[in-house]
Every structure is written in structure tokens, then in C-alpha cells.
Amino acid sequence: KRLILVGPPGSGKGTQSPIIKDEYCLCHLATGDMLRAAVASKTPLGIKAKEAMEKGELVSDDLVVGIIDEALKKPSCQKGFILDGFPRTVVQAQKLDEMLEKRGVKVDKVLNFAIDDAILEERITGRWIHPSSGRSYHTKFAPPKVPGADDVTGEPLIQRKDDTAAVLKSRLEAFHKQTEPVIEYYSKKGIVANLPAEKPPQEVTSEDLTNQDIWF
Ligand code: AP5
Ligand code: ZN
Ligand code: ZN
């Protein structure tokens, strides 16, 4: 399966991805995680991406298309993949179509994490992440077993620099202006499935994994 997860900041893409991934053995490519890793290790890509990310704006299409093109070459991505946070503009969607066409494959489903903006601030400001794995927690909705530590490795959790109420405003603006047209783009192809992303995580998961419409 080749899946795209699309939804506003805090809608649960990163939370559901590992579950879908484990169930179907797909590779999980999250452009946000890859960009944060590049920023942390100060690579040329990270240096170019840092400012836009901190302001909650989108990084240029060329940069992210380049990362995805490279990542899709990995052997683990040949059977299927989950794209989390990409494509986020219509230009990125068109480039992805070109990349996949060259490989003779196409996108099977686009899971649209539908949720009201009003819920997102609490989700975003309470989030803690384990940077090296991308696992996310929430002080209220998904607390780690030991406060401040990752359940699997015990390593410290951190908060993302862009997870403030002020930066969230710009991220939401970018979502409505630049990313909603992407949902429209795939709707025309008839491959969008809407998920009730405001429900508790386990209920979103069961919709993901058992709703026949999504998989066939
Ligand atoms: P990115 O990392 O993709 O951030 P985002 O899209 O803003 O999404 P988030 O990671 O904030 O939300 P999520 O849906 O994964 O939520 P999560 O599951 O963690 O991008 C960051 C930046 O990188 C962008 O602003 C941009 O600058 C750049 N970038 C990335 N891709 C790009 C691209 N393609 N083009 C250009 N620029 C790009 O959940 C959030 C919290 O809620 C967690 O604490 C979680 O525990 C909790 N939670 C999850 N589900 C539930 C639930 N059902 N109920 C209650 N709580 C829940
Ligand atoms: Zn995420
Ligand atoms: Zn909108």
C-alpha cells in the first residue's frame, strides 16, 4: 500500500503512523521528522530549512521534494510507504505523481485527518517528543510511563520549538491556504478517506485499520 496522511498540525498523523506501519510493514517517511533531524545536525538542508520551520511556514518545495525523491529509493520503501506531512502543496503533489509514475506505481489512499482547529492548541502545547524516533506523547492525552522519558528507550523527551500557540497560528494558516488544495487534488482522483481525528487515539486507529473503504 502507498498511503498519504494529511491533516493540520496536531491532528494525529505522527501518532497513527507507527501503528499503520507495524500493521502493514510499510516505510514511514515524515518530512517534518527528517527536516528536524537535518536542523539538529546542521546539515546544508537543515540550515536552509530552519528559519521557515521556526516561523511555522512551509519549507521550499524543491527542498522537500528532493528529500522524498531520495528516501523513496530505500529498499524498505519498495513494497509500500506512508507519507506523513508530504505533499503539502499542489506543486509537491504533482512532483510526487511524476516520481511515482517513473517507478510505475501510484498512491492508493489519502487519509485526511479531519478535525476542528479549536482542538489543536491543547494538543500542540501539551506534546512531548522523543526526537530520535519521532514518538510523541501528551501530558494529558498520552502521558509517558515515566514523566519526561521515552517509554521504549528511557531517553529524555523534548518539546518542539514550533509547538507554541503563536507559531501554531502560522502553521494553521499554511495548512488552510496551501495544504487544503492538496486534499481537493486527491479528491478529484477519488482516493481520499476522511478520518474522525477528533476522537480518542484508539478510535481513530480502529477506523484506520478496519474501515474497508480505506484499504480497498
Ligand atoms: P510536521 O512535523 O509535519 O508538523 P505538522 O504537520 O505541523 O504536524 P504535527 O507533527 O504537529 O502533528 P501530527 O499530526 O503529527 O500530530 P501528533 O500525532 O504528534 O512539520 C513541521 C514543519 O516542517 C512545518 O511547519 C514546515 O515548516 C516543515 N515541513 C514539513 N513537511 C513539509 C513539506 N512537505 N513541505 C514544506 N514544509 C514542510 O499529535 C499531536 C499531539 O496530540 C501529541 O501530543 C499526541 O500525543 C496527541 N494526540 C494525537 N492524537 C490524539 C487524539 N486522537 N486524541 C488526543 N490527543 C492526541
Ligand atoms: Zn507529526
Ligand atoms: Zn480551511
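**Entry: the ligand**

I started with S136, and found an N or O atom of the S136 side chain 3.1 Å from an oxygen atom of ligand 1. I then asked how much of ligand 1 the protein covers. The protein takes up 96% of the 1000 Å² of accessible area that ligand 1 has on its own. I have to keep in mind that this is a predicted model.

In the side chain of R88, an N or O atom sits 2.7 Å from an oxygen atom of ligand 1. With T31 the ligand uses a nitrogen atom, which is 2.8 Å from an N or O atom in the T31 side chain.

Which residues come nearest to ligand 1? I noted T15, E57, R88, R127 and Y137, out of the 36 residues around the ligand.

Which element gives the most to the shell around ligand 1? That is α2, with four residues.

**Entry: the sheet**

I traced the strands next. I found an open sheet of five strands, paired in parallel, and wrote down the order β2-β3-β1-β4-β7.

Then I went through the pairings.

- β1 (residues 2-6) runs parallel to β3, and four bridges join the two. Here I found R2 opposite F81 in β3.
- β2 (residues 27-30) also runs parallel to β3, again with four bridges. C27 has F81 as its bridge partner in β3.
- β1 pairs with β4 (residues 109-114) in the parallel sense, over four bridges. I4 stands opposite V110 in β4.

I checked which way the side chains of β3 (residues 81-84) point. F81 and L83 go one way, while I82 and D84 go the other way. Are these four buried or exposed? I found F81, I82, L83 and D84 all buried.

Helix α1 (residues 13-24) lies across β1, β2, β3 and β4. I got an angle of about 175 degrees between α1 and β3.

**Entry: two residues I picked**

Q92 was my pick from helix α5 (residues 90-103). Is Q92 buried or exposed? Its relative accessible area is 2%, and buried means under 20%, so Q92 is buried. I listed its contacts, leaving out residues up to four places away in sequence: Q92 touches D61, V64, V65, F86 and P87.

P200 was my other pick, and I found P200 in the loop between β7 and α8 (201-210). How does P200 count at 39% relative accessibility? P200 counts as partly exposed, because 39% falls between the cut-offs of 20% and 50%. I also looked up how far P200 is from G12. They are 188 residues apart along the chain, yet their C-alpha atoms are separated by 9.9 Å.

Notes
Residues are numbered from 1 along each chain as its sequence is written. Chains are lettered from A and ligands numbered from 1 in the order in which they are written. This is a predicted model: local features need pLDDT of at least 70, side-chain atom pairs count only at pLDDT 80 or more; totals for chains, interfaces and linings use all residues. Side-chain values use heavy atoms; hydrogens and water are left out. Buried means under 20% relative accessible area, exposed over 50%, partly exposed in between (1.4 Å probe, protein chains only). Two strands pair if DSSP finds at least two bridges between them. Contact means heavy atoms within 4.5 Å. Axes are lines fitted to C-alpha atoms, for helices over the stretch in contact, and angles run from 0 to 180 degrees between N-to-C directions. A residue is near a molecule or strand if one of its heavy atoms lies within 4 Å of it. A polar contact is a pair of N or O atoms within 3.5 Å; within protein, one must be able to donate a hydrogen and the other to accept it, and residues adjacent in sequence count only if both atoms are side-chain atoms. Accessible areas come from the Shrake-Rupley method with a 1.4 Å probe; for residues, only the protein chains shown count as cover.
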